[in-house]
Amino acid sequence: MYAYRAPPLPAAPPVRLVPMVTSQDRAVFASLRVLPDQAGFVASNAESIAEADEMPWCVPLGVCDATNGGVVGFVMHALDPDEGRRWIYRLMIDARFQGRGFGRAALRATLAILDRLPRSERVMLGVDPANLVARRLYAAEGFVETGEMLGDELVMRRVLQR
Ligand SMILES: CC(C)(COP(=O)(O)OP(=O)(O)OC[C@H]1O[C@@H](n2cnc3c(N)ncnc32)[C@H](O)[C@@H]1OP(=O)(O)O)[C@@H](O)C(=O)NCCC(=O)NCCS
């Protein structure tokens with residue numbers, strides 16, 4: 001008899017998620033950009049930060065490379081006040097830093113925060129059906145498609161671990 005061992009998860013570089021405290025933080029993270037052909041997949045960070053100003057249940061966080069403090073991306077999670085579900089509203093890695101594991105690391109760091117918050121039995125997100133890189137990443141990190149649509153986006157859900 002062999003005990004089943006889950007395959008090892010791919011390694012991800014260390015990241016630090018930082019709050020948007022000063023106007024300088026906001027400007028730095030707002031300046032990050034995805035590739036031109038990804039622009040339809042995610043709102044600009046400036047729009048997301050402005051949205052968070054209007055909607056206090058949104059938590060915008062900058063993603064920094066923990067090894068050197070460099071600014072690499074942006075994520076925003078939220079507790080929807082109407083339906084009470086937690087969401088990851090945004091995840092992006094600047095085009096210059098994509099493909100190095102930061103997206104996966106930022107997603108895992110966000111899930112680690114959500115795991116510790118109340119009312120986080122599960123977390124939802126919406127993804128463009130054409131965004132195959134993001135869909136594969138989310139599936140690999142335990143998200144499943146729910147069959148729901150939110151506008152043009154597929155809704156995915158992950159059960160959080162406690
Ligand atoms: C989706 C996104 C956050 C991933 O970030 P990233 O730092 O590039 O991703 P990682 O380096 O952590 O890689 C995660 C997986 O995606 C794969 N991947 C990343 N970029 C890829 C590309 N251009 N083509 C194919 N696969 C790619 C990696 O190979 C890895 O898969 P693997 O572990 O099976 O090899 C980033 O591509 C992005 O910001 N896209 C634009 C915004 C967006 O679509 N956000 C999601 C909205 S729902």
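Is Glu83 buried, partly exposed or exposed? Glu83 is partly exposed, at a relative accessible area of 36%. Buried means under 20% relative accessible area, exposed means over 50%, and partly exposed lies in between (1.4 Å probe, protein chains only).

The legends below describe a predicted model, in which local features need pLDDT of at least 70, side-chain atom pairs count only at pLDDT 80 or more, and totals for chains, interfaces and linings use all residues. Residues are numbered from 1 along each chain as its sequence is written, and side-chain values use heavy atoms, with hydrogens and water left out.

**Figure 1. Overview of the fold.** The protein holds four helices and seven strands. Helices (H or I, at least four residues) and strands (E, at least two) are DSSP runs, numbered from the N terminus. From that end, the order of elements is β-α-α-β-β-β-α-β-α-β-β. The radius of gyration is 16 Å, close to the 15 Å that the globule rule gives for 162 residues, so the protein is as compact as a globular protein of that length. That radius is taken over C-alpha atoms, and the rule is 2.2 Å times the number of residues to the power 0.38. Along its principal axes, the C-alpha trace spans about 60 × 40 × 35 Å.

Figure 2. Of the 162 residues, 40% are buried. Among contacts (heavy atoms within 4.5 Å) with a separation of 6 or more, 61% link residues 24 or more positions apart. The protein has 19 positive and 19 negative charges, and their mean positions are 9 Å apart. Lys and Arg count as positive, Asp and Glu as negative; His and the chain ends are not counted. Each charge is placed at NZ of Lys, CZ of Arg, CG of Asp or CD of Glu.

**Figure 3. Trp87 and its partner Glu83.** Trp87 sits in strand β4 (residues 86-93). Glu83 belongs to the loop between β3 (71-79) and β4. A polar contact of 2.4 Å joins their side chains. Such a contact is a pair of N or O atoms within 3.5 Å; within protein, one must be able to donate a hydrogen and the other to accept it, and residues adjacent in sequence count only if both atoms are side-chain atoms. Trp87 is buried, at 5% relative accessible area, whereas Glu83 is partly exposed. Beyond four places in sequence, the contacts of Trp87 include Met76, His77, Val123, Leu125 and Leu150. From Trp87 to Leu114, 27 residues apart along the chain, the C-alpha separation is 9.4 Å. Glu83 and Gly147 are 64 residues apart in sequence, and their C-alpha atoms are 18 Å apart.

Figure 4. Asn45 and Ala46 both lie in helix α2, which covers residues 45-54. Asn45 is buried, with a relative accessible area of 2%. Ala46 is partly exposed, at 41%. A polar atom of the Asn45 side chain lies 3.0 Å from the backbone oxygen of Phe29. Leaving out residues up to four places away in sequence, Asn45 touches Phe29, Ala30, Leu32, Phe74 and Met92. Ala46 and Gly126 are 80 residues apart along the chain, with C-alpha atoms separated by 19 Å.

**Figure 5. The loop between α3 and β5.** This loop, between α3 (102-115) and β5 (122-127), contains Ser120. Ser120 is buried, with a relative accessible area of 0%. The Ser120 side chain reaches the backbone oxygen of Pro118 at 3.3 Å. Arg119 is not a glycine, yet has a positive phi of about 55 degrees. Most residues other than glycine have a negative phi.

Figure 6. Pro129 lies in the loop between β5 and α4 (132-140). Pro129 counts as partly exposed, at 31% relative accessibility. Setting aside neighbours within four places in sequence, Pro129 contacts Arg135, Asp152, Glu153 and Leu154. The C-alpha atoms of Pro129 and Asp152 are 8.0 Å apart, across 23 residues of chain.
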